[in-house]
Amino acid sequence: MSRIVYVNGRYLPYAQAGVHVEDRGNQLADAVYEVCEIKGGRIVDERRHMARLERSLGEIQMRLPMTLAALGRVIRETIRRNRVRDGYFYLQISRGQARRDFVFPEPETEPSVICVVRHASPAKAEATAAKGIAVKTMPDERWRRVDIKTVMLLPSVLAREAAKREGAAEAWLVDGDGYVTEGATSNAWIVDDKGTLITRPADFGILRGVTRSVVIDLAAREGLTLVERGFSVAEAKAAREAFITSATGMVMPVVRIDQTTIGDGRPGRFTMMLRELFHSQAELAV
Ligand code: PLP
């Protein structure tokens with residue numbers, strides 16, 4: 001558990017940390033966030049995560065509330081105070097506290113900045129990856145700008161809960177044409193019988209995952225064939241391998257989609273190779 005949380009300029013004990021009831025993140029989901037892995041005390045792919053944060057802010061007509069260097073210091077100090085070596089940080093920026101109104105508050109309203117860090121067990125993650133996970137397909141009921149990493153996550157919350165009730169660790173969201181968009185909290189991939197990696201193009205229909213982009217670079221480095229195109233649920237169920245990517249799960253094998261076993265029901269060869277090589281391609285910052 002995070003013991004110390006950064007909230008608006010202060011490092012507070014977890015139990016005492018909070019934002020105002022009229023924080024716009026709280027009332028209107030008027031906030032964006034980033035989640036980034038911490039490995040061996042180093043931040044994984046910080047540059048790409050911060051670039052996406054800046055983009056998300058731009059898309060909701062906000063600017064960084066402090067320089068990237070200052071934000072980096074806040075993140076490092078929160079990690080240091082919690083003595084986290086392996087885990088992740090959660091950084092959230094909202095449009096700040098103001099009397100509830102749909103239109104933007106006065107321009108001088110200070111954004112709210114929150115940073116929470118958590119321990120995660122690498123051994124536990126490896127044990128999960130060794131077995132692989134199940135996913136449940138569900139209609140994608142989110143808004144059309146899921147390329148922006150906002151805290152407006154209710155459809156994903158409901159999808160993940162429904163998946164959990166059926167023993168699945170992730171929900172794969174499906175568009176009106178029967179194509180998988182992405183996971184509720186991850187990007188979705190399949191590998192066909194020729195060993196081609198397939199994932200949906202990062203248009204407005206999915207979040208441009210940082211892990212996804214690192215895997216794309218890794219695949220190029222390893223000489224793997226990769227196609228960015230949509231794939232249907234039926235194609236996924238017939239695939240040789242399937243996996244998801246995210247900062248918290250890295251490359252995680254999928255061995256079951258709904259009631260269908262993928263391949264021989266064990267994590268696939270390409271998937272595990274990408275998982276093993278992931279950190280050799282990712283950027284680690286102290
Ligand atoms: N897609 C969605 C909807 C997500 O919420 C996430 C991560 O939270 C991802 C994809 C994966 O993105 P990243 O690899 O940057 O963690």
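**Close-up views of the predicted model**

View 1. A backbone N or O atom of valine 210 lies 2.7 Å from an oxygen atom of the ligand. This and every other view shows a predicted model. Alanine 247 also contributes a backbone atom: one of its polar backbone atoms is 2.8 Å from an oxygen atom of the ligand. Glutamate 182 uses its side chain, with a polar atom placed 2.6 Å from a nitrogen atom of the ligand. In total, 17 residues surround the ligand. The closest are Arg52, Glu182, Val210, Thr211 and Ala247.

**View 2. Packing of helix H6 on helix H8.** Helix H6 spans residues 210–221, and helix H8 spans residues 269–281. Their axes are 9 Å apart and meet at an angle of about 100°. Angles of 65 to 115 degrees count as roughly perpendicular, so H6 and H8 are roughly perpendicular to each other. H6 contributes Thr211, Val214, Val215, Asp217, Leu218 and Arg221 to the contact. From H8 come Leu274, Leu277, Phe278, Ser280 and Gln281. By type, the contact residues of H6 and H8 comprise 6 nonpolar, 3 polar and 2 charged. Thr211 belongs to this contact and is also listed among the closest residues to the ligand.

**View 3. The seven-stranded sheet.** An open sheet of 7 strands runs in the order S2-S1-S6-S5-S3-S4-S16. The pairing is antiparallel. Strand S2 (10–13) and strand S16 (284–285) are the edge strands, and each pairs on one side only.

**View 4. Strand S1 and its two partners.** Strand S1 covers residues 4–7. S1 and S2 pair in the antiparallel sense over 4 bridges. In this pair, isoleucine 4 stands opposite proline 13 of S2. S1 and S2 form a hairpin, with 2 residues between the strands. Asparagine 8 sits in the turn and has a positive phi of about 45°. S1 also runs antiparallel to S6, joined by 2 bridges. Here valine 7 stands opposite isoleucine 114 in S6.

**View 5. Helices across the sheet.** Helix H3 (residues 68–82) lies across S1, S2, strand S3 (31–39), strand S4 (42–44), S5, S6 and S16. H3 runs at about 40° to S6. Helix H8 lies across S3, S4 and S16. H8 runs at about 100° to S3.

**View 6. Threonine 109 in the S5–S6 loop.** Threonine 109 is found in the loop between strand S5 (87–94) and strand S6 (112–119). A polar atom of the threonine 109 side chain lies 2.7 Å from the backbone oxygen of glutamate 106. Leaving aside residues up to four places away in sequence, threonine 109 touches Arg95, Gly96 and Gln97.

Definitions and conventions. Residues numbered from 1 in each chain as written. Predicted model: local features only at pLDDT ≥ 70, side-chain atom pairs only at ≥ 80, totals over all residues. Heavy atoms only, no water. Axes fitted to C-alpha atoms, helices over the stretch in contact; angles between N-to-C directions. Parallel < 35°, antiparallel > 145°, perpendicular 65-115°, else oblique. Contact = heavy atoms within 4.5 Å. Nonpolar A, V, L, I, M, F, W, Y, C, P; charged D, E, K, R; others polar. Polar contact = N/O pair within 3.5 Å; in protein donor to acceptor, adjacent residues only side chain to side chain. Pairing = 2+ DSSP bridges. Near = heavy atom within 4 Å.
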